[in-house]
Amino acid sequence: MAVTWVNGVPCDRIAVNDRGLAYGDGLFETIAVVAGRPRLWEAHLDRLRAGCARLQLPEPPAEPLWREACALCRQQPTGQGVLKLLYTRGSGGRGYAPPVEPEATRILTLHPWPDWPETHWRNGIELFLCQTRLARQPLLAGIKHLNRLEQVLARREWSDERWAEGLVRDREGWLIEGTASNLFGVAGENLITPPLNDCGVAGVMRRNIMLLSDELQIPYEVTPVDPNALRGMNEVFVSNSLAGIWPVRGLSDGTVWAAPGPVTRRLQRALYAQGVVPGPGRDAV
């Protein structure tokens, strides 16, 4: 069962007129808990701040959030889990116009670690190429806002457990991301990831992988990727804050890759050395 705090108090209820519920007027972060501590916290908080600035939400209270997050994580007996942080504009009257002086609602929930098979890390996964397209909206691009209906529609497209994740494109056909992950490929010696200027979520793990690439002297490039370009990549993987890196061995259109490739493995090992994701353990990579 999830353990939930609302505004620093153990509670599992919010006001029915909270704007996060009514309009998706807010943001969220999904954070890996490893050894009883929330990982990549500062990067998550940076993205939350950036989203607040974009949506003109009150500045998130950094110190109380950290104390509450750590206290909540200590309730996970295994020391490994998922911390979800939701931050809304708070309660408001009927209508889209936001309150002049909003009182933000912060919600922290602690969940068990997902029951993913070790083979996702060791041998790679297969991706489903979704038909649902992402709308272009630069005002919301990159931030992790609460309206995830495009992802809900895309995720409804498959139920076969063969597909561990789905890939989504924009209206022009460019690949953007997974339904719950960011997309990377390796072309020659370069790491490639799509730009997120018009749609998509700028993942915290995506940012971390780019920083690791600099440290490991792996050149990377942010450039548009279409399905044909992806098919020609030497390696493909997806990333998020919980999974870290999953190598990709196939796509639902019949494309196959040798997985995992050397660049993917190198980055996986670097993540485990950081201690930011639990995954299946070092022996799997």
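Start with a network: D46, R49, E59 and R207 are linked by salt bridges. Keep in mind that this is a predicted model.

D46 bridges to R49, with the closest N and O atoms 3.1 Å apart. Where do D46 and R49 lie? Both are in helix α2, residues 41-55. They sit 3 residues apart, about one turn of the helix. How accessible are they? D46 has 30% relative accessibility, so D46 counts as partly exposed. R49 is at 26%, also partly exposed.

Next pair. R122 and E118 meet through their side chains in a salt bridge, 2.5 Å from N to O. R122 is partly exposed, at 30% relative accessibility. E118 is partly exposed too, at 33%.

Now a pair that joins separate parts of the chain. D25 forms a salt bridge with R89. The closest N and O atoms are 2.6 Å apart. D25 is in the loop between α1 (19-23) and β3 (26-34), and R89 is in the loop between β5 (81-88) and β6 (105-112), so the bridge ties together parts 64 residues apart in sequence. Buried or exposed: which is D25? D25 is buried, with a relative accessible area of 11%. R89 is buried as well, at 8%. The cut-off for buried is under 20%, so both values qualify.

And the total? The count of salt bridges comes to 15.

On to the sheet. Picture an open sheet of 8 strands with mixed pairing. The order is β9-β8-β7-β14-β13-β10-β11-β12. Which strands are at the edges? They are β9 (175-178) and β12 (220-222), and each pairs on one side only. Neighbouring strands are turned by 40° against each other on average, direction ignored.

A quick reminder on pairing. Strands of a sheet pair through backbone hydrogen bonds, either parallel or antiparallel.

Take one pairing in detail. Strand β10, residues 182-187, pairs with strand β11, residues 190-193. The sense is antiparallel, over 3 bridges. To find your place, look for G185, which stands opposite I192 in β11.

Last, what lies across this part of the sheet? Helix α8, residues 262-274, lies across β10, β11, β13 (235-240) and β14 (244-251). Against β14, helix α8 runs at about 155°.

That is the tour. Over to you for questions.

Notes
Residues are numbered from 1 along each chain as its sequence is written. This is a predicted model: local features need pLDDT of at least 70, side-chain atom pairs count only at pLDDT 80 or more; totals for chains, interfaces and linings use all residues. Side-chain values use heavy atoms; hydrogens and water are left out. A salt bridge is a side-chain nitrogen of Lys or Arg within 4 Å of a carboxyl oxygen of Asp or Glu. Helices (H or I, at least four residues) and strands (E, at least two) are DSSP runs, numbered from the N terminus. Buried means under 20% relative accessible area, exposed over 50%, partly exposed in between (1.4 Å probe, protein chains only). Two strands pair if DSSP finds at least two bridges between them. Axes are lines fitted to C-alpha atoms, for helices over the stretch in contact, and angles run from 0 to 180 degrees between N-to-C directions. Contact means heavy atoms within 4.5 Å.
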